[in-house]
Amino acid sequence: MWHVNKSNSTDMILQFESFLKISIIKNLEQKKWNVSKEILKREMSIQGTAAPRISDSRIGTLKSDIYQMGFIKYDNEYFKITDAGHEFLRNNKSALFFQFVKMQFSNPTILDYCKDIYVFPVVGIIKLLFNGKINYLTKEELGYIVFLNYLYEDSFDEVKEKILEFRNLTNEKRNSLIDSFKNTPEGHITLKKASTATYLMSRLSATNYFIIEKENNIKSLNLNYSFIDDIRKVLDFYNG
């Protein structure tokens, strides 16, 4: 099952930028993390990109996010900003998108939910959204179908059919399935309060390459076709 870190998209970008800029300005690169952490906490609070009393756990999560995005690399307690990190500071939306497409969604503390995933999740989502029969994905379709079933490249057709079958159900039947699923361990993570499906939609929309639209009080994730050339490059690269 795909697992997504729970970070707010707008705060994520602001805090990523602050983290990297402060690291450069304060010359924190290649210094011990436990020394740098206190400086980062203080400076981010001053800049207003984090709560005045930002917690150790939030700084740790931010570091984990930035590391997972490939914007920093580290050896034991020492860290350094990568080329992708510097590119993010020059063009954050584009760099964020191209780093996202490389990511695997997992959580080492929940290994049973994250084993045997052999796809690049964001690439898989792009392929689904680019498919003429799909076009959009709701939170429920992501959390109930995509997160659990899109584990291999050759799972695409199966996932697509599951989505189309789900859409052909009556509203009553769909709601019943989702309500039941939310009471499972997987559903509790992907679709209940602070759902990982919602966080993924928010984080992807932060790149501007995806948009969230709302119709009949239902939000859906869509591609932003203003960036179609870059999106096609991703598809061509991963299909090649």
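Helices (H or I, at least four residues) and strands (E, at least two) are DSSP runs, numbered from the N terminus. The structure described here is a predicted model, in which local features need pLDDT of at least 70 and side-chain atom pairs count only at pLDDT 80 or more, while totals for chains, interfaces and linings use all residues. Residues are numbered from 1 along each chain as its sequence is written, and side-chain values use heavy atoms, with hydrogens and water left out.

**Salt bridges**

- The whole structure contains six salt bridges, each defined as a side-chain nitrogen of Lys or Arg within 4 Å of a carboxyl oxygen of Asp or Glu.
- One of them joins Lys233 to Asp230, with the closest N and O atoms 3.9 Å apart.
- Because Lys233 and Asp230 lie three residues apart in helix H12 (residues 228–239), about one helical turn separates them.
- Lys233 is exposed at 53% relative accessible area, whereas Asp230 is buried at 18%; buried means under 20%, exposed over 50% and partly exposed in between (1.4 Å probe, protein chains only).
- Glu141 forms a salt bridge with Arg167, the closest N and O atoms being 2.7 Å apart.
- This pair links distant parts of the chain, since Glu141 is in helix H7 and Arg167 in helix H8, 26 residues apart.
- Glu141 is buried, with a relative accessible area of 3%, and Arg167 also counts as buried, at 19%.

**Strand pairing**

- Strands S1 (residues 72–75) and S2 (residues 78–81) pair in the antiparallel sense over four bridges; pairing requires that DSSP find at least two bridges between two strands.
- Tyr74 stands opposite Phe79 in S2.
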